[in-house]
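Please open the structure in your viewer and keep the selection tool at hand.

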Amino acid sequence: MKLTFMLDCSRNAVFSKKQVFKIIDTLSAMGYNGLMLYTEDTYEVKDEPYFGRFRGRYTKEEIKEIDKYAISKGIELIPCVQTLAHVNGLVRWERFAEIIDIDDIFLADDEKTYDLIDKMMASLAEAFTSRTVHIGMDEAAHLGRGKFLNKFGYEKASEILLKHLRRVNEIAAKYGFRCMMWSDMFFNVAASVENDPNTIDENLLQSIVDRTPKDVTQCFWTYALRDEALYDEKNSLQKKLFEKVNFTGGCHSWFGYAPKNKISLDIAEKAINSVLKNKIDNVIVTFWGDTGAECSFYAVLPVLYYYAKRLNENKTMEEIRKNFASFAGIDFEAMLLLDCPNEIIENQYFYSNPSFYMLYCDYFSGTFDSTVAGHESALFEGYAKKLHEYVNHEKYGYVYDLLEKLCKVLSHKYELGHKTRIAYQSNDLKGLNDLIEKDYKPLIALFEELQVSFNRQWLIEHKTSGLEIHAQRFGAMINRTKQCIDLLNLHIEEGLDIAELNEPEIDPNNREGNPKEPILCSQYSKAFSVNVYSH
């Protein structure tokens, strides 16, 4: 079994060389034999000073050192880059403006695009020993709809994708690389309803597949299915369509500060059963940092361990739980406790992250306040006490400390906007003053403590680049807390009208039924304010 772990080094956070060495040790001890560094633009490209500028990019020498160390531990270090979409880091620079089609998508069919991709492959070939390269090519929903349309005219996305793939594959082969790619775009461009993979035109799909380079390995990725039969259906289809396939699952690290290990384990069980049944012998486990890379790598160890022991040793869950402590130096159940900041109600929608969006939700505009049920303050106070038991753990204490500090903040903040609106609309001035003294003022110090703990985790695991994003977020929350105190005092003393608090609470997702159920929001800008404060 080829078992590879993919480490996201593109969502503001680039793991330090020292930390990657430790991660390699951990993966090797578990039984992994591959490590992908997911680097959209965070690696050095010769003669391209803007490529990864200020983003913590790995130098060629850093990658060589990591590569050498990985080989010594029996792990293949595999470049994992993007050659179609997800090139967000390049969009901001004028240097690359002419080769961006739309959104974060390269301009296909343009020779200047392929000149850059050639440089990228040349740099990767110098730095990595492996001659496998993951070229990405996922989630390019608007392919051909921007500059491409103006320059070349309308062309079906399926044709653009095929031409671009063939060209990138040729460039990669020039440097001795064999390509892997995410397979989702084949289904998106073969949809009878645009970008809806559930409405596949089977004849078009087969036509596309027939013209796809046979030497490119297709990576079927999914992180949300909870029905083993669906895994069987999709894995079987991938094997039928493509000559070389693998399966890609994930440890749910992309919801903010806290992982979702229990959900990941439930999903992994079904996915692995299907992988073994369908005789797929290449598996990738991904670690993404979509919200800003707040979640520690070590927070998802139970999931990584489970994948390794199930696939390599066919261990049962009971055996895995029992043996985990001797491997990790901490009890399996203690690690699952890290999930708690996102556990608000029973039967909660599993793709939800209330501890992230309610951390940043504005006190007055309260986009998500309609989801507050009224028991959360006590819940988070209890969670903080449970997490505190492990804050001095020799290896992982800093991970527990951060989530304890998060829960302390949320024990005051989660219900605060909701309570403020009720007191304001009922003209309860004493109630507002009590909220100022008991919740708003303590939050200033609690946010500062949370930031200190977060900085500690960041600097243990990552390079310094990207930390400024979180300085802005924490600074905004501290400043907004102080501002809200001033505004509430003006209302109490002088009758200031606070426009936002006059509005009723409504469900952010326009849902029917029970609006108290948590939702999913992984964008800080949407959580913090509905107003436009940047472009």
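The model is a predicted one.

Stop 1: Select helix H5, residues 147-152, and show the side chains of Phe 148 and Phe 152. A pair of aromatic rings is described by the distance of the centres and the angle of the planes. The model holds 36 aromatic pairs. One of them joins Phe 148 and Phe 152: the centres lie 4.9 Å apart, and the planes make an angle of 50°, so the pair is classed as tilted. The two residues are four places apart in the helix, about one turn. An α-helix has 3.6 residues a turn, so residues three or four places apart point the same way. Which of the two is buried, and which is partly exposed? Phe 148 is buried, with a relative accessible area of 0%, whereas Phe 152 is partly exposed at 35%.

**Stop 2: a cluster of rings.** Next, select Trp 221, Tyr 223, Trp 254, Phe 255, Tyr 349, Phe 350 and Tyr 351, which ring pairs link into a cluster.

**Stop 3: a buried arginine.** Move to helix H17, residues 416-425, and select Arg 421. Its relative accessibility is 5%, and it therefore counts as buried, the limit being under 20%. A polar atom of the Arg 421 side chain lies 2.6 Å from the backbone oxygen of Phe 364. Beyond its neighbours in sequence, Arg 421 is in contact with several residues, among them Asp 369, Glu 500, Glu 503 and Glu 505.

**Stop 4: a helix with a kink.** Select helix H18, residues 429-461. Its 33 residues should span 48 Å at 1.5 Å a residue, and the end C-alpha atoms are 46 Å apart, which agrees. Where is the kink in H18 centred? Centre the view on Ile 436, where the kink is about 40°.

**Stop 5: two loop residues.** Finally, select Asp 103, in the loop between strands S4 (100-102) and S5 (105-106). Asp 103 has a positive phi of about 55° although it is not a glycine, and it is partly exposed at 44% relative accessible area. Then select Asn 347, in the loop between helices H13 (332-336) and H14 (354-360). Asn 347 also has a positive phi, near 55°, and is exposed, with a relative accessible area of 79%.

Key: Residues numbered from 1 in each chain as written. Predicted model: local features only at pLDDT ≥ 70, side-chain atom pairs only at ≥ 80, totals over all residues. Heavy atoms only, no water. Phe/Tyr/Trp six-rings, centres within 6.5 Å; stacked < 30°, edge-to-face > 60°. Buried < 20%, exposed > 50% of the residue type's maximum accessible area, 1.4 Å probe, protein only. Polar contact = N/O pair within 3.5 Å; in protein donor to acceptor, adjacent residues only side chain to side chain. Contact = heavy atoms within 4.5 Å. Expected span 1.5 Å × (residues − 1). Bend = angle between axes of the 7 residues up to and from the residue.
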